[in-house]
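Take the points topic by topic, with the model open beside you.

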Amino acid sequence: MTVDELLSLDQFSLDHGRKTALLLPLLDSLTAHHAARCPAYLRVLETMWPWPARHETLEALPYLPVGLFKQARLASVPPEDVFTVIHSSGTTGQWPSQVVLDRPTAQLQARALARVLHDVVGRGRLPMIVIDAEAQLRASHARSVAIRGMLPFGRPSIFALNDTLEPDLPAIADFLDHYGRRPFLVFGFTSLVWQFVRAAADMGLDFSTATLIHTGGWKTLEERSVSNDQFKHACRTLVNLQRVFNFYGMVEQPGSVFLEGEDGFLYAPACADVIVRDPETWQPAALNEPGVLQVLSALPASYPGHSVLTEDLAVIHGIDDGPCGRRGKYFSILGRLPRAEPRGCSNIAAVTA
Amino acid sequence: MGAEIVYAGSPATAWDGALARFAAGPPAFPAFAGELLDFCSDLSTAISRSPAARRHPELQAFAFSIRRSQTLRLRAQFEALAGTSLVLQPRGCVVHFAPSHVDTMFAYSWVWSALLGNRNIVRLSRRRSPVSMELESIVCEHLREAAEPLASATLILSYGHDPDITARLSAHADVRLIWGGDEAARAIKGVPAKPSTLDVGFVDRLSVAILRASAVAGLDESGLDAFAGLFARDLSLDQAVCSSPRTVVWIGREDETAAAATRLWRAVDRQLAARRYSVPPVAAVSKMVAAAALAAAGNVRAYMAPSNRLTVVGLNGLTALDSPAVGWGFLQEVRKERLQDVARLVGQRVQTAVVFGWSTPELRDFVANGRLPGIDRMVPVGDALVFGRYWDGFDLFHTLTRAVFISARADPH
């Protein structure tokens with residue numbers, strides 16, 4: 001089965017066994033594909049992995065630590081085929097990650113996003129409110145990449161925040177006037193949505209026909225003490241927003257989106273999967289045991305991003321038996337790897353993920 | 001006033017006004033006086049018996065360094081420096097700027113200066129670890145009970161970045177010992193002091209291990225394990241202290257080096273495990289990224305990561321002894337045919353070379369003939385983190401004393 005065929009299936013109805021049977025050959029040949037076309041990737045494989053090799057399980061596939069994308073430009077296409085390069089720094093002060101896309105991969109990623117979100121958004125475009133400032137579109141961090149990825153789903157779409165990230169009430173009121181009685185979409189980064197929802201509390205905004213899709217972690221310490229439940233509760237009670245879906249994704253694997261089910265857990269779609277690894281042994285952790293998250297995706301053909309070890313802690317709760325009825329692995333993100341206090345003579349910065 | 005008084009011999013509230021008098025007082029004791037040695041001996045015992053010392057080997061190491069047999073040895077060395085024409089007097093008032101991330105450094109710095117008869121002001125950062133505070137508390141307890149004038153000859157303060165307080169202290173400093181790397185040195189030196197103040201900055205340095213492959217190969221199993229244990233000690237404190245080797249240069253032929261290295265790194269990993277060397281996940285990931293980045297760039301010949309604790313990346317070549325600031329058990333290694341070949345890799349930043357396989361005359365030749373701009377100390381494997389008289393190219397006996405010259409020609413006879 002090709003990636004395209006895999007994307008045509010319902011993304012959350014495949015049993016894990018069946019998915020693995022479809023995904024493994026794709027990922028195995030992607031590994032060989034990138035080894036043949038990206039000399040830097042081949043060097044990493046030959047140095048740090050048994051290579052050449054074919055892989056019998058998803059767990060056996062080589063993976064790259066996501067930080068490598070900030071240190072090297074990894075491309076499996078010649079310069080003339082490069083459509084765009086995402087330069088994105090997740091945190092300030094670091095070199096940006098470089099994600100090299102050719103046209104086919106970019107299109108595949110857009111299609112994958114649509115197929116995954118189809119579950120909660122349906123087909124076709126809906127009016128959309130983006131809880132961010134329009135200026136973000138021109139920037140290059142993870143947030144802007146996500147917004148640009150979501151914009152195709154909205155027609156029309158407005159930006160709910162002005163340049164100082166405060167709610168643009170007239171624009172929102174106008175939008176709700178025109179579209180608020182029928183289904184519409186809301187998209188934003190989690191911490192901005194949280195701020196917005198609290199700021200909009202007493203303004204009588206009614207988002208009852210909306211579906212919120214949000215992503216991104218909690219930025220400030222204060223925000224980090226907010227649980228998923230509290231977040232949903234605030235959405236419900238402050239702006240009457242009932243349908244709320246979180247998704248986890250990263251700039252190094254655009255299109256590969258792990259979408260929350262009605263049960264509050266994140267699910268891997270058919271074109272992707274997750275493994276959680278024990279950070280002492282790097283072996284796959286047992287169910288319900290926290291570890292470092294690895295993400296696999298059948299999409300990246302123009303750069304070796306199909307198997308990436310993230311810097312997030314996660315835990316897999318179960319496989320195929322998710323309460324909301326979706327199949328496959330379901331998991332939760334526990335947060336970034338905790339920073340390590342620095343020691344040593346220089347008063348250097350802490351090692352952070 | 002902004003500074004927290006951790007210890008002051010005189011009433012704490014008066015420290016700012018009393019600073020001038022404090023600094024100008026006579027030397028606490030003559031260098032290495034009996035009372036000073038007694039004080040160190042008591043302090044050493046108290047620290048090594050404390051529960052904290054059991055959990056933190058670096059406290060044990062400090063206690064060990066000030067035990068009586070050691071201070072007596074230092075006294076003998078010091079006395080040998082004086083001569084008929086030379087008397088070494090304390091500098092006067094030494095202000096120590098302790099590094100925020102090496103818990104025991106403030107104590108080494110202060111003790112050395114006190115043994116040489118100086119009055120001391122120690123500035124600690126606001127953020128200190130529990131280990132640091134544990135040590136401070138034992139030190140202060142002993143200072144309170146110490147004989148005068150030692151008890152009044154020490155002032156320990158803690159404050160954040162505050163050039164005003166630093167300036168006030170510096171106005172009375174005969175020496176400023178500045179720990180904490182380039183940034184700290186730049187910051188403190190930017191604050192004016194007396195025209196005569198001697199500034200000593202312990203700046204960013206890096207360290208290496210230079211190992212003779214045939215010597216390592218010649219170790220039997222138990223010898224290798226002992227050697228590996230010493231090497232593991234050199235990686236303590238997350239390998240973050242500037243004297244921890246981060247680059248290993250093997251001297252030897254390719255075949256003997258490969259065999260010796262594999263054997264050694266496996267043994268070091270076992271020793272790290274026995275010492276319960278723990279690497280937090282974020283650091284394990286950093287090491288993976290660093291290794292992958294080196295591999296991607298095409299400079300890696302071999303990669304060994306027997307566990308989360310140790311990652312060794314064999315490089316094809318190096319133009320200079322510089323290593324990615326990774327730490328937590330990350331080593332890059334390279335091979336050269338002869339010791340002399342290392343000379344052109346050595347820059348000013350190289351501080352410590354941990355060595356194995358050469359005699360002292362051979363090492364002297366290497367340093368002298370190589371005209372090395374760096375390497376301030378060559379020590380055996382296991383001693384990388386042992387603080388001593390010779391540090392960063394300084395002889396502390398001379399840095400912390402004033403040389404008083406008495407000309408023989410002044411003598412009428």
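C235(A) is buried, because its relative accessibility is 0%. C93(B) is buried too, because its relative accessibility is also 0%. Both residues belong to a predicted model.

**Cysteines**

- How many disulfides are there over all chains? The count comes to zero.
- A disulfide needs two cysteine sulfur atoms within 2.5 Å.
- For C235(A), the closest cysteine sulfur is in C324(A), 19 Å away, so the pair is too far apart for a bond.
- For C93(B), the closest cysteine sulfur is in C140(B), 17 Å away, so a bond is ruled out here as well.

**Chain A against chain B**

- The size of an interface is often given as the accessible area lost when the parts come together.
- About 2,900 Å² is buried between chain B and chain A. Carbon and sulfur atoms give 67% of that area.
- Which three residues supply more than any other three of the area that chain B buries against chain A? They are H101(B), V282(B) and M288(B), with 22%.
- The contact involves 36 residues of chain B and 31 residues of chain A.

- V285(B) sits in helix α13 of chain B, which covers residues 281-296.
- Is V285(B) buried or exposed? V285(B) is buried, because its relative accessible area is 2%, under the 20% limit.
- Neighbours within four places in sequence aside, V285(B) is in contact with W282(A), L309(A), E311(A) and L337(A).
- The C-alpha atom of V285(B) is 68 Å from that of R409(B). The two residues are 124 apart along the chain.

**L313(A), a strand residue**

- L313(A) is part of strand β13 of chain A, residues 307-319.
- L313(A) has a relative accessible area of 19%. L313(A) therefore counts as buried, because the limit is under 20%.
- V100(A) lies 213 residues from L313(A) along the chain. Their C-alpha atoms are separated by 26 Å.

**P195(B), a loop residue**

- P195(B) is in the loop of chain B between α9 (181-189) and β7 (198-201).
- Is P195(B) buried or exposed? P195(B) is exposed, because its relative accessible area is 89%, over the 50% limit.
- The C-alpha atoms of P195(B) and D174(B) are 9.4 Å apart. Along the chain, these two residues are separated by 21 residues.

**Backbone exceptions**

- Most residues other than glycine have a negative phi, and most peptide bonds are trans.
- The peptide bond from W51(A) to P52(A) is cis, with omega near 0°. P52(A) lies in the chain A loop between α3 (39-48) and β1 (64-65).
- Another cis peptide bond runs from R155(A) to P156(A), with omega near -5°. P156(A) is in strand β5 of chain A, residues 154-161.
- N240(A) is not a glycine, yet its phi is positive, about 60°. The loop between α9 (228-239) and β8 (243-248) of chain A holds N240(A). N240(A) is partly exposed, because its relative accessible area is 31%.
- L237(B) has a positive phi of about 55°, and is not a glycine either. L237(B) is found in the loop between α11 (221-234) and β9 (245-251) of chain B. L237(B) is buried, because its relative accessibility is 17%.

**Cavities**

- Rolling a probe the size of a water molecule over the atoms shows where empty space is left.
- How many cavities of 30 Å³ or more does a search of the whole structure find? The search finds four.
- The largest cavity holds about 70 Å³ of space.
- Residues of chain B line the largest cavity, among them A98(B), P99(B), S100(B), V102(B), D103(B) and F106(B). The lining also includes L124(B), S125(B), R127(B), R128(B), S129(B) and S132(B).
- By class, five lining residues of the largest cavity are nonpolar, four are polar and three are charged.

Methods. Residues numbered from 1 in each chain as written. Chains lettered and ligands numbered in written order. Predicted model: local features only at pLDDT ≥ 70, side-chain atom pairs only at ≥ 80, totals over all residues. Heavy atoms only, no water. Buried < 20%, exposed > 50% of the residue type's maximum accessible area, 1.4 Å probe, protein only. 1 Å grid on protein atoms, 1.4 Å probe; cavity = no way out; pocket = protein on both sides within 12 Å on 5 of 7 lines; lining within 4 Å. Points joined across faces, edges and corners; volume = space filled by probe spheres on them. Nonpolar A, V, L, I, M, F, W, Y, C, P; charged D, E, K, R; others polar. Helix = DSSP H or I, 4+ residues; strand = E, 2+ residues; numbered from the N terminus. Contact = heavy atoms within 4.5 Å. Buried area = accessible area lost by both parts, 1.4 Å probe.
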